[in-house]
Amino acid sequence: MIKILWSRLAFLLGGWFLASLLIFFTLRLLPGDVAQIIGGTQASSARIAEIRTNLGLDRPLLTQYFDWISAFITGDLGTSLVSRTPVAEQLLEKAGVTLPLVLISSIVMLVISVPLGIFTAYRAGRPLADATATTAYAAAALPAVWVALLLILIFSSWLNIFPSQGFPARGWADPLNAIYSLLLPGITIGLIEAAILFRFIRSATLSALHSEPLRTGMSFGMTRSTALIRYGLPQVGLSLIGTLGVQLAGLVVGAVVIEQIFTLPGVGTMLVSDINSRDLAKVASTLMVITGFILLLGTVMDTLAQLLDPRLRERKTR
């Protein structure tokens, strides 16, 4: 077990380090200059050069990278080049919208995909189950923007159940309205990811239905449903743990897109605004936090799957 934990930790840190290189140097390829944005269109070349010097942008890129990553390792996410406020403070504020959105969409994803995936596998070959599976497969191919606009049209414009955009000005000081404003965006992301996870759940359940333990249980007099519950679903659950990291990463990425459509003041909206203003130091730190969060989720889920599933442990030790 210790060997597994150390290997996953090494993978996490190594992946995060490579991500830092990719994030920092790729952002430097973007056109535009934050010094020009701060100085304004009327600023002279001398003024732009002075701003760049004050911001430390005239130093070699490697020096800038090592200064940035050294500070990041110590927990200092830096200061916004545009607003001159701490990045950590702004990120924490925006996470108060994005993390609850991800939580709501996670619940929606699991509540829809798990029972439907098991049902359509158990009833495979019957009209209702096959129609449900076909619909889910088709839904998985739909663009997130199209789904969001369709749900806004139905639940906001026609039925007037949910607001189409915005977040309460008082934030979580008004908790009921805050949750209410996140429900439709959360349902949107959850539906998209549920359609993707559904395919995996259905496939894993079909595999479990034809597994040796389940057939053995049925040979001893168990009904098919009882054998599935006792022997099949634990296999499905273990497989689900291993893939949840990827699905949760999809929820985080989906939140970045959906926040734009629903005008939510979350991390995604802040990130797009910072890219437009070329606040690259803030963008880099924000992307590093998001990447670290996604890598951590994947590592935790993958480690749990290896620790709980003896088949994976045996495969690792061979």
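# How the helices and residues get their labels

Guide: Read along the sequence, the chain runs α-α-α-α-α-α-α-α-α-α-α-α-α. The model is predicted: local features need pLDDT of at least 70, side-chain atom pairs count only at pLDDT 80 or more, and totals for chains, interfaces and linings use all residues. Residues are numbered from 1 along each chain as its sequence is written, and side-chain values use heavy atoms, with hydrogens and water left out.

Visitor: How many helices and strands does the chain have?

Guide: There are 13 helices and zero strands. Both are DSSP runs numbered from the N terminus: H or I over at least four residues for helices, E over at least two for strands.

Visitor: How do you know that the span of helix α1 agrees with its number of residues?

Guide: The expected span is 1.5 Å times one less than the number of residues. Helix α1, residues 2-27, has 26 residues and should therefore span 38 Å. Its end C-alpha atoms are 37 Å apart, which agrees.

Visitor: What does the span of α7 look like against the expected value?

Guide: Helix α7 covers residues 144-158, 15 residues in all. It reaches 20 Å from first C-alpha to last, close to the expected 21 Å.

Visitor: Where is the kink in α7 centred?

Guide: On Ile 152, with a kink of about 25 degrees. The bend at a residue is the angle between two fitted axes, one for the seven residues ending there and one for the seven starting there.

Visitor: Which residues of α7 are buried?

Guide: Val 147, Ala 148, Leu 151, Ile 152 and Ser 156.

Visitor: Why is Thr 299 called buried?

Guide: Buried means under 20% relative accessible area, exposed means over 50%, and partly exposed lies in between (1.4 Å probe, protein chains only). Thr 299 has 8%, so it is buried. This residue sits in helix α12.

Visitor: What is Thr 299 in contact with, leaving aside its neighbours within four places in sequence?

Guide: Arg 8, Phe 11 and Leu 12. Contact means heavy atoms within 4.5 Å. Arg 8 and Leu 12 are among the buried residues of α1.

Visitor: Is Ser 7 buried, exposed or partly exposed, and why?

Guide: Ser 7 is partly exposed, because its relative accessible area is 37%. Ser 7 is in helix α1. Its C-alpha is separated by 35 Å from that of Ala 141, 134 residues apart along the chain.

Visitor: What makes Ile 73 exposed?

Guide: Its relative accessible area is 67%, so Ile 73 counts as exposed. Ile 73 belongs to helix α4, residues 61-73.

Visitor: Why is Leu 116 called partly exposed?

Guide: Its relative accessible area is 33%, so Leu 116 is partly exposed. Leu 116 lies in helix α5, residues 87-122. Leaving aside neighbours within four places in sequence, Leu 116 is in contact with Thr 132 and Phe 198.

Visitor: What share of the 318 residues counts as buried?

Guide: The share is 40%. Among contacts with a separation of 6 or more, 72% come from residues 24 or more positions apart.

Visitor: How many side chains are positive and how many negative?

Guide: The chain has 23 positive and 17 negative side chains. Lys and Arg count as positive, Asp and Glu as negative; His and the chain ends are not counted. The centres of the two sets lie 12 Å apart. Each charge is placed at NZ of Lys, CZ of Arg, CG of Asp or CD of Glu.
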